[in-house]
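Reader: I would like a close look at a single part of this model, with every term given its cut-offs. Please take the aromatic side chains and the helix packing beside them, and then go on to whatever else bears on the backbone.

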Amino acid sequence: MLNIKEGSTSHSAYNLRSTFSDVEERHTLAVIVENEPGVLARVIGLFSGRGYNIESLTVAEIDHTGHMSRITLVTSGTPQVIGQIKAQLGRIVPVHEVHDLTVEGPTVERELALFKVRGEGEHRVEALRLADIFRANVVDSTLESFVFEITGTPDKIDAFADLMRPLGLTELARTGVAALSRGPEARV
């Protein structure tokens, strides 16, 4: 129901319904930029200067001859904040394209992580058993610890970490999300 204030009419030119949402959404953005010094600092500065958080960030050159890089970042915010982020990113001079992979269609997201797990006896056997279930590879082994390599969705990485903590997880390194849109056409 509309709450029309005294003195206004039902024929007002203003939409009295709120178009803003308070629901925080997670979005994966792909930003194509010129590969030159300071570009990443400018993108990060946009986020820090406005109090936006970056949950994941990966950067790599994608075109050696054209000197182009791809920044894939994961951030959260209301739809209005995400819209502001995309608009502000698009105004940075060395930015060529900004794509919101979350709204453009289905995507494939993967992350690589390394886990160092220290354990003996049953904990060691259980860590190896769980690694096999999660298809993690043992990339280093000593008498006291293992280093596992695992690739998958961020949720899979989180689940593996939760299971390894009680078994002796001592160190964890994550690459951040790499994402591409699905389908035959190249969107970004």
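Author: Axes here are lines fitted to C-alpha atoms, for helices over the stretch in contact, and the angles between N-to-C directions run from 0 to 180 degrees. Helices (H or I, at least four residues) and strands (E, at least two) are DSSP runs, numbered from the N terminus. The model is a predicted one, in which local features need pLDDT of at least 70 and side-chain atom pairs count only at pLDDT 80 or more, while totals for chains, interfaces and linings use all residues. Residues are numbered from 1 along each chain as its sequence is written, and side-chain values use heavy atoms, with hydrogens and water left out.

With those conventions in place, helix α4 (residues 121-133) packs with α5 at an angle of about 165°, their axes being 11 Å apart. The two helices α4 and α5 are therefore roughly antiparallel to each other, a label given to angles over 145 degrees, whereas those under 35 count as roughly parallel, 65 to 115 as roughly perpendicular and the rest as oblique. The crossing of α4 and α5 is right-handed, meaning that the near helix is turned clockwise from the far one by less than a right angle, anticlockwise being left-handed. Ala127, Leu130 and Ala131 of α4 make the contact with Phe160, Leu163 and Met164 of α5, where contact means heavy atoms within 4.5 Å. By class, the residues in the contact of α4 with α5 are six nonpolar, no polar and no charged; Ala, Val, Leu, Ile, Met, Phe, Trp, Tyr, Cys and Pro count as nonpolar, Asp, Glu, Lys and Arg as charged, and the others, Gly among them, as polar.

Five aromatic pairs are present in the structure; rings of Phe, Tyr and Trp (its six-membered ring) pair if their centres lie within 6.5 Å, and planes under 30 degrees apart count as stacked, over 60 as edge-to-face and the rest as tilted. Phe115 and Phe160 have ring centres 4.8 Å apart and planes at 85°, so this pair is edge-to-face. Because Phe115 lies in strand β5 (residues 107-118) and Phe160 in helix α5 (residues 154-164), the pair ties together parts that are 45 residues apart in sequence. Phe115 and Phe160 are both buried, which means under 20% relative accessible area, with exposed being over 50% and partly exposed in between (1.4 Å probe, protein chains only).

The rings of Phe148 and Phe160, with centres 6.1 Å apart and planes at 90°, are likewise edge-to-face. Since Phe148 belongs to strand β7 (residues 145-152) and Phe160 to helix α5, that pair ties together parts 12 residues apart in sequence. Phe148 counts as buried at 0% relative accessibility, and Phe160 is buried at 0% relative accessibility too. One aromatic cluster is formed by Phe115, Phe134, Phe146, Phe148 and Phe160.

As for the backbone, Arg135 has a positive phi of about 60° although it is not a glycine. Arg135 sits in the loop between α4 and β6 (137-141) and is exposed, with a relative accessible area of 72%. His67, also not a glycine, has a positive phi of about 55°; it is placed in the loop between β2 (54-63) and β3 (68-77), and His67 is partly exposed, its relative accessible area being 48%.
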